Structures are given as C-alpha cells and as structure tokens.
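User: Can you walk me through the helix packing in this one? I'll have some follow-ups.

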Amino acid sequence: MAAQITTGTSELRDITKMERIGAHSHIRGLGLDDRLEPRGNSQGMVGQAKARKAAGMVLKMVQEGRIAGRAILFAGPPSTGKTAIALGMAQTLGSDVPFTMIAASEVFSLSMSKTEALTQAIRRSIGVRIKEETEIIEGEVVEIQIDRSLTGATKTGKLTIKTTDMETIYDLGTKMIDALSKEKVLAGDVIVIDKTSGKVSKLGRSFARSRDYDAMGADTKFVQCPEGEIQKRKEVVHTVSLHEIDVINSRTQGFLALFAGDTGEIKPELRDQINTKVAEWREEGKAEIIPGVLFIDEVHMLDIECFSFLNRALENELSPLVIMASNRGMSRIRGTNVRSPHGLPVDLLDRVLIVSTKPYTEEDIQQIIQIRCEEEDVTLAPDALNVLTSMAGSTTLRYALNLISCAQVIARKRKADKVDVEDLRRAYTYFMDEKRSVQWLKEQQGSLVFEEISAVTVTSASDTPMPMGEAVDT
C-alpha cells in the first residue's frame, strides 16, 4: 500500500506501508454464528465444519471455566487446517484468556530440562486476575504554581484541582512536579493521579476550555469535568500468568528475565509457595484463576517422558486446556519401539477428545486460494484461479498457495496487473512439488549421494509413506 503526501513546497513523497504476511495471517476467528454453527466462509475459515463446531464448543466451555485439565487432539492429514483452527480459537478467546502456542520440538531445543519447559508452557497458559483497590485523585486542573530555588536544586509548588462539586489545593513535592512536567499537564487538563504509585495520567482537555485555541492540537480529546469527590477509591484489575508471577519472584532471574526470555529453571519450592498464595487470594476474593489454552503443534515429536509428565500435569488442580495436533497415523512413540495411533501413548489417548480434520474439497480449495490472494494483494485471472485449484488437487494445497506470490513476481516482470495461466505455468516449471521431486530423485540415482538403508524405500506422500527414522524389521 503506497500513499502520496503533498508537503508545503508541493513536492510528492511516496510512503510505503510494510505488512508482514504469514501463512495464517488471514485467520480472524473460527467463523461461527451465535448458535456455534459454522458459516461457509467467514473470518478466513473455510470448510472443516465439524472440527470448527467442536472447537467452538470447547471455547464456550473454556470461557465458562469448565474444561481446565482436559486435553483435545486435532488429528488429520497435513494441510487440513489444524493449526488454522487453533489460531482461530486464540483470536476468538481475546487477550484476557491466556493462549500459549508451542511446537513439540521446542521442548528439546531450550537450555533447560524437558519437564521444566513443559511446566513453564503450562503455567504461561494459566491466568490470574488480581483485583486491588487504590486511591486516586481525579479532576480538572485549575492552576499549577511551581517555585524553584535560586540554585534550581529544590522545587515546590501548588496544584489547584476541581470537580463539578468541589475544589482543593495540594502542595507538590519534587517527584510530583517532575511527573506533572513529564506529562505536560496544563491548566484545563483533566488528570488522574494514583496516590500509591504517584503515576499521573492525562484523560484530555475539559470541555470548558474547548474555545482555548492556543492550547489545542489536531488530536486534542475533550472530556467532561469529573463529578463528586476529588479523592476516590477505585478497583484496578490486573491479569498476569502464573509463569510471570514465578519469574518475578525468582531471586536468580528477577523481573528483567521476562523481557530477556531466558528465565532458566525455577525451583519447585517457589512454585508451591506461589500456588499457596494464589489459593489464599482466591479465598479472600482478591484473585480469580483463568484457565487458558496450551496448544502443542506436532505433538508426536514429544517423547515418552514428556507424555508421562503431561498425564500427571493434566490431573493438577492448576492446569489449562491442552490442545494437541498430529498428522501421524500408526506411528512409533518417540523414545520407545511401540507403535501407537497418532504417535501418542494409549494412556494419554484415553484422556483426550479427538477431533478429526478431513482433506478440503475442490470448492473449499478455490475459496482458500481467493482468500490468500486478497491477503497477499494479488489479482488472479479467472482461468488462472481454475488452473491453480486443479494444481492444488494434483499436488498439495500448500504448494499451490506458495505459487501465488511467485507467479505475481513473474507477472510484474511483464508489467501485468493480473496473474495469468502462463505466469503459473512458468512458476510451476521453476519450483518442484513433492511428487516431481521424488521422480527427479529416481532419475538422479547415479548422480546424487544416497544413503544405503536396507528395506527402506523413499515413497511419494500420495502413496502410503513410512515415517522417516522409524524402526524397521529386516
């Protein structure tokens, strides 16, 4: 998106707005109506009606706080929208309910034990809504007087503040004078001062000063003069995750570790103390637990030790809803020689609700391609859309979506506004899909270096593939 701005000297400048477009940046929600019925094409979601409805029912229970400590598995072939549904759930939940997304392989790449990495992910998915009362001073500034000493070392002053019912004068110290100066508070501003922290917030200009043109800017916000008492008690609500409380209270790491990301291992004794304290706050009505969602993508990459830990973690009093995704069929459980459905142990499968996703129909694929074209700001000719849809059916949906931006580059080279069939054909010849890649490997048998493994054959994804690295009986 480019916009032209005219300056005072009549010269034109192009300002380009850069946007990061990701694989799922078109997802805005689950696309369900008020009765949790899936719409055909809504909020970036297409098809997978049963899976989306199941996800909507789960979300309803999450929002009511009734499904914590349970697990759900999205199982289906690659490129059937498992991650898209999880991201749709995250968008629907909003910012108040914690949603943590990890890939199973992350657990092994962190500089901490596997169980610690999972514990941190679980506690990041549990929110604590803390309520506290604070005293505030709210009103319209009538006058500010600041007196400085001859050396400038000490500052004193008076602040006259009013509401519609009363007016009060406050003596100011050095810190409060600095806070007011930092916020550039002037007479006629409506401000709020938090008495505990000394923080000054400017709400806007009073309507009584709306004719004071000298003090106005283009973005000036006008508000009514507050009513009632100047000093009030106000309930403030903060939502933090259990993991953030852990890090802040950890002496070895401290508050700054939240920004650095390197939190290290946190002692179990500290977590027990925090759990006890949070339980006390709940009994006193000061805090409320918000069980969130932990999404583990490619869950079959976890090993048997992680699965055993998850079994126990799901039975804890403080546990989130765990959503997992797997594209495996009968597969070996990592760390064992046991084959199991979806690569998960039977005892964990017994705890989960399984939601299946199915391959998209041709009509669904066409709608997904149109949505991605809008997201990437690409115009496809009608014939090119039909060709790309049939291409997605013969290759894979992801391959077809990847060709959109490649074909746009080719179209721009010939100075065309629309991507045509010829652009797609050229992109198709430049980039191989998985089937043609396997065929090319067979043709290059004598040229490439092959690792000889007995009784293991490389097959196309369209056939029945054997998971790589799986134990083979010879």
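Analyst: H4 and H8 are roughly parallel to each other, a label used for angles under 35 degrees. Helices here are DSSP runs of H or I with at least four residues, and strands are E runs of at least two, numbered from the N terminus. This is a predicted model, where local features need pLDDT of at least 70, side-chain atom pairs count only at pLDDT 80 or more, and totals for chains, interfaces and linings use all residues. Residues are numbered from 1 along each chain as its sequence is written, and side-chain values use heavy atoms, with hydrogens and water left out.

User: What angle and axis distance do H4 and H8 have?

Analyst: Helix H4 (residues 114-124) packs on helix H8 (residues 268-284) at about 20 degrees, and the axes are 13 Å apart. Axes are lines fitted to C-alpha atoms over the stretch in contact, with angles from 0 to 180 degrees between N-to-C directions.

User: Which residues in H4 and H8 meet?

Analyst: From H4, Glu-116, Thr-119, Gln-120 and Arg-123 meet Arg-271, Ile-274 and Asn-275 of H8, contact being heavy atoms within 4.5 Å. By class, that contact has one nonpolar, three polar and three charged residues. Nonpolar covers Ala, Val, Leu, Ile, Met, Phe, Trp, Tyr, Cys and Pro; charged covers Asp, Glu, Lys and Arg; the others, Gly among them, are polar.

User: And how do H11 and H12 pack?

Analyst: Helix H11 (residues 362-375) and helix H12 (residues 382-394) pack at about 120 degrees with axes 9 Å apart. H11 and H12 are therefore oblique to each other, the class left after under 35 (roughly parallel), over 145 (roughly antiparallel) and 65 to 115 degrees (roughly perpendicular).

User: Which residues meet there, in H11 and H12?

Analyst: Glu-362, Ile-365, Gln-366, Ile-369 and Gln-370 in H11 meet Leu-385, Asn-386, Leu-388, Thr-389 and Ala-392 in H12. They divide into five nonpolar, four polar and one charged.

User: New topic. How many aromatic pairs are there in the whole structure?

Analyst: The search finds one. The rings of Tyr-399 and Tyr-428 have centres 6.3 Å apart and planes at 75 degrees, so the pair is edge-to-face. Rings of Phe, Tyr and Trp (its six-membered ring) pair if their centres lie within 6.5 Å; planes under 30 degrees apart are stacked, over 60 edge-to-face, the rest tilted.

User: Is Tyr-399 buried or exposed?

Analyst: Tyr-399 is buried at 9% relative accessible area, while Tyr-428 is partly exposed at 27%. Buried means under 20%, exposed over 50%, partly exposed in between (1.4 Å probe, protein chains only).
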